[in-house]
Amino acid sequence: NIHCTTVPPFIVRTIKKGDSMTERELIESFAGNLDYIMRSEHMNQSELARRSHLSRESICKYLKGQRMPTLKALMNLSYALRCNIEELTPFIQLID
């Protein structure tokens, strides 16, 4: 059984067109967004893992900012959380 403490939500900075972010910032942003959406849907890690067909260990690593999901996993998370992929991961910036 895995115990996970989520990272604090990522503080969103002002985004300007053509701006870029680091890969670490992207991962932290994803982790914060995932945590926020899970809370708003009143969904725990076990339930999200079940609904998204992912392991609880993977969900925990996403929330800790230790891993980014594959495209397949991202789509499954989006479906399970009833949100758009863009709500989980910002696609409006270049990654440095």
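Q: What does Lys 61 form a salt bridge with?
A: Lys 61 pairs with Glu 57, and the closest N and O atoms are 3.6 Å apart. Keep in mind that this is a predicted model.

Q: OK, and where do Lys 61 and Glu 57 lie?
A: Both belong to helix 3, four residues apart, about one turn of the helix.

Q: Is Lys 61 buried, exposed or partly exposed?
A: Lys 61 is partly exposed, with a relative accessible area of 25%. Glu 57 is partly exposed too, at 40%.

Q: Which residues do salt bridges that share partners join into one network?
A: That network is made of Glu 47, Arg 50 and Arg 51. Within it, the side chains of Glu 47 and Arg 51 meet at 2.6 Å, N to O.

Q: How far apart are Glu 47 and Arg 51 in helix 2?
A: They sit four residues apart there, so about one helical turn separates them. Glu 47 is partly exposed, with a relative accessible area of 22%, and Arg 51 counts as partly exposed at 38%.

Q: How many salt bridges does the structure hold?
A: Six. One of them joins the side chains of Arg 39 and Asp 35, at 3.0 Å from N to O. Those two are four residues apart in helix 1, again about one helical turn.

Q: Does Asp 35 count as buried or exposed?
A: Buried: Asp 35 has 6% relative accessibility.

Q: Let's zoom out. How many helices and strands are there in the protein?
A: Five helices and two strands. Read along the sequence, the pattern is β-α-α-α-α-α-β.

Q: And what share of the 96 residues is buried?
A: Buried residues make up 39% of them. The protein exposes about 6300 Å², and carbon and sulfur atoms supply 53% of that.

Q: Among contacts between residues at least 6 apart in sequence, what share joins residues at least 24 apart?
A: That share is 64%.

Q: Now the inside. How many residues does the largest nonpolar core have?
A: It has 19 residues, and those with the most contacts inside it are Leu 34, Leu 48, Ile 59, Tyr 62, Leu 77, Leu 81 and Leu 88. The elements giving two or more residues to this core are helix 1 (23-40), helix 2 (45-52), helix 3 (56-64), helix 4 (71-81) and helix 5 (85-88).

Q: Where does the largest share of this core come from?
A: From helix 4, which gives five residues.

Q: Leaving aside its neighbours within four places in sequence, what is Leu 77 in contact with?
A: Leu 77 contacts Phe 30, Leu 48, Ser 52, Leu 54, Ile 59, Tyr 62, Pro 69 and Leu 88.

Q: What happens with the backbone just after helix 4?
A: Arg 82 takes a positive phi there, of about 55°.

Q: Last topic, the rings. How many aromatic pairs does the count come to?
A: One aromatic pair. The rings of Phe 30 and Tyr 62 have their centres 6.0 Å apart and their planes at 80°, so the pair is edge-to-face.

Q: Which helices does the pair link?
A: Phe 30 is in helix 1 and Tyr 62 in helix 3, 32 residues apart, so the pair links distant parts of the chain.

Q: Is Phe 30 buried or exposed?
A: Phe 30 counts as buried, at 0% relative accessibility. Tyr 62 is buried as well, with a relative accessible area of 3%.

Definitions and conventions
Residues numbered from 1 in each chain as written. Predicted model: local features only at pLDDT ≥ 70, side-chain atom pairs only at ≥ 80, totals over all residues. Heavy atoms only, no water. Core = buried A, V, L, I, M, F, W, Y, C linked by side-chain atoms within 4.5 Å. Buried < 20%, exposed > 50% of the residue type's maximum accessible area, 1.4 Å probe, protein only. Contact = heavy atoms within 4.5 Å. Areas by Shrake-Rupley, 256 points an atom, 1.4 Å probe, with all protein chains shown as cover. Salt bridge = Lys/Arg side-chain N within 4 Å of Asp/Glu carboxyl O. Phe/Tyr/Trp six-rings, centres within 6.5 Å; stacked < 30°, edge-to-face > 60°.
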